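I opened a new notebook page for this one.

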Amino acid sequence: MADESIYVSGAYIDSNPNYHVEDSSWKASKILDILKKNKLDNQMGSICEIGCGVGEILVQLQKGLSSSISIEGYEISPQAYQLSLSRQNENLKFYCEDLLLLDNHYDLMLCIDVIEHVDDYLDFVRKLRDKAKYTLFHIPLDLSVQTVLRSTPIQYVREKVGHIHYFTKDIAIAALLDSGYEIVDYQYTAGQLEISKSSLSKWLFWPRKLITSINEDFGVRLLGGYSLLILTKPRGQQ
């Protein structure tokens, strides 16, 4: 990662003490939506999340899936891992290990808001590619006309939440294609419209709503406020 020590030392959790738990139910609902849309929700025997934080996304996801599915979460932050332990149950387990060093394989891998933190993210996603039949990425689209013009939003996500790479839809998809993935499906998620309580999000709510209703891609490129949820599988996999 950019400076892996900030996640191990506790510096990251000092800046983000709730580890974004308040967004977990919303993210889990979007994951369930795309799995159901692609008829995968009942085909999973095992699910893993890399960079799971305190594990709340997996807790919420488990509620919407078969109770028999084996679910694992991996996190390098010992502080986040300790907080995840109270969320464990018979079929939901957490580990403070680097998943990339293990010879594990799953039906579905979740990589939710992770790659923007990773120093060499292309190497990271290549190493992740063959660990699951399907991999689901959630990637913030920090680059838009208004964020580039203002610059402060990009500085904020760098300093506050540790983003060191910034994406548009096209850049995110191209990076995964270049790394040997096939795109199965993708959809925008409108975090700034649906869950953000910031004053700027409130001010931009109706412009975003109006413009994206006319042309979604253009609205996202212009005003931002969205992430991209991308369902993938290794290229050539049947």
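Here are my entries, from the whole protein down to one side chain.

**Ground rules.** I'm working from a predicted model, where local features need pLDDT of at least 70 and side-chain atom pairs count only at pLDDT 80 or more, while totals for chains, interfaces and linings use all residues. Residues are numbered from 1 along each chain as its sequence is written, and side-chain values use heavy atoms, with hydrogens and water left out.

**Whole protein.** I looked up the elements and found twelve helices and seven strands; these are DSSP runs numbered from the N terminus (helices H or I, at least four residues; strands E, at least two). The radius of gyration is 17 Å, close to the 18 Å from the globule rule for 238 residues, so the protein is as compact as a globular protein of that length. That radius is taken over C-alpha atoms, and the rule is 2.2 Å times the number of residues to the power 0.38. The C-alpha trace spans about 45 × 40 × 30 Å along its principal axes. I also noted that 51% of the 238 residues are buried (under 20% relative accessible area with a 1.4 Å probe, protein chains only; exposed is over 50%, partly exposed in between).

**Cores.** Which residues have the most contacts inside the largest nonpolar core? They are Met109, Cys111, Ile115, Phe124, Leu128 and Phe137, in a core of 31 residues. Such a core is a set of buried Ala, Val, Leu, Ile, Met, Phe, Trp, Tyr and Cys residues joined through side-chain atoms within 4.5 Å. Apart from it lies another core of 25 residues, including Ile31, Ile71, Phe94 and Tyr134.

**Helix α9.** In α9 (residues 169–178) I found Lys169, Ala172, Ile173, Ala175 and Leu176 buried. They sit on the same side of α9, because they cover an arc of only 155° around the axis, judged by the directions from the helix axis to the C-beta atoms. Asp170 and Asp178 are exposed on the other side. The buried residues pack against α6, β5, β6, α12 and β7. Just after α9, Gly180 takes a positive phi of about 95°.

**Glu56.** Is Glu56 buried or exposed? It is buried, at 14% relative accessible area. Glu56 belongs to helix α4 (residues 56–63). I checked its side chain: it makes a polar contact with the side chain of Gln60 at 2.6 Å (a pair of N or O atoms within 3.5 Å; within protein, one must be able to donate a hydrogen and the other to accept it, and residues adjacent in sequence count only if both atoms are side-chain atoms). Leaving aside neighbours within four places in sequence, Glu56 is in contact with Val21, Ser24 and Arg87 (heavy atoms within 4.5 Å).
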